[in-house]
Structure formats: structure tokens, C-alpha cells
Amino acid sequence: MIVTTTPQIEGKRIVEYRGIVFGEVVSGVDFVRDFAAGLTNFFGGRSNSYEDELMRAREQALAEMQQRAAHLGANAVVGVDIDYEVLGANNGMLMVTASGTAVVCE
């Protein structure tokens, strides 16, 4: 499946729009990751634990969006946008949403 942030796909013609599709992932940050990130914040550097969680959540959201597009009979998703939010009383949860328009191309 072709997934792109652009409204068209070069060399392809969109013949049908199947609707807007989403993929959402909400993931919690556990105590160990939070503790490791706190140490990184104190000593400086990058937080690999948070970066890994962010990458995993983004990949899952994109995969879920593609599955929903395929369920609609689409072979591509155009105009993809990825949003990130923190949730929860202590901002201890991460929500990643991928959205786009499911289309059929030829």
C-alpha cells in the first residue's frame, strides 16, 4: 500500500475516494522508562526509552490506518498527517494518531 503525505501520487491516477481513515495508539509510560528518562534529563542526552516508545506508537498507528484503508478496498492513503498528544493526570500517556484519505489508484 502506498502511504504519502501529499494529496496525489506521482505517476498514479486516483480513481476513487473511499473515505478518511485513522489509526490511533495510546500507550502508557511505565515507571522504568520514566525513571530512565529522568536520569537522561538530569545528566543530558537523548532518551532512548521515550524515543523507542514514540517510534513504536507511530509505526502501530500507521499500520492500523493502512489496515482500515485496505478494509475499505483502498490501495493507497494520501494526505497523511500524524499527531502526537500527551494524556492523563500526570501526562503519563502518549497518543499517536495517523489520518489520511483512503483511495483507489491505477
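Which residue forms a salt bridge with Arg 13, and how far apart are the closest N and O atoms? The partner is Glu 106, with the closest N and O atoms 2.5 Å apart. A salt bridge here is a side-chain nitrogen of Lys or Arg within 4 Å of a carboxyl oxygen of Asp or Glu.

Some ground rules before going on. This is a predicted model, where local features need pLDDT of at least 70 and side-chain atom pairs count only at pLDDT 80 or more, while totals for chains, interfaces and linings use all residues. Residues are numbered from 1 along each chain as its sequence is written, and side-chain values use heavy atoms, with hydrogens and water left out.

**Salt bridges**

The count comes to five salt bridges. Arg 13 and Glu 106 link distant parts of the chain, 93 residues apart: Arg 13 is in the loop between strand E1 (2-3) and E2, and Glu 106 is in the segment after E4. (Helices are DSSP runs of H or I with at least four residues, strands are E runs of at least two, and both are numbered from the N terminus.) Arg 13 and Glu 106 are both exposed; that means over 50% relative accessible area, with buried being under 20% and partly exposed in between (1.4 Å probe, protein chains only).

| Pair | N to O distance |
|---|---|
| Arg 13 and Glu 106 | 2.5 Å |
| Arg 68 and Glu 24 | 3.0 Å |
| Glu 64 and Arg 68 | 3.2 Å |

Arg 68 sits in helix H2 and Glu 24 in strand E2, so their bridge ties together parts 44 residues apart in sequence. Arg 68 counts as partly exposed at 37% relative accessibility, and Glu 24 does too, at 34%. Glu 64 and Arg 68, by contrast, both lie in helix H2, four residues apart, or about one turn of the helix. Shared partners join Glu 24, Glu 64 and Arg 68 into one network.

**Inside the fold**

A nonpolar core is a set of buried Ala, Val, Leu, Ile, Met, Phe, Trp, Tyr and Cys residues joined through side-chain atoms within 4.5 Å. The largest has 13 residues, and Val 21, Met 65, Ala 69 and Val 77 touch the most other members. Strand E2 (14-28), helix H2 (48-71), strand E3 (76-87) and strand E4 (93-105) each give two or more residues to this core. Apart from it lies another core of six residues, including Ile 14, Val 78, Val 103 and Cys 105.

Beyond its neighbours within four places in sequence, Met 65 is in contact (heavy atoms within 4.5 Å) with residues including Val 3, Val 21, Phe 22, Val 77, Val 80 and Ala 98.
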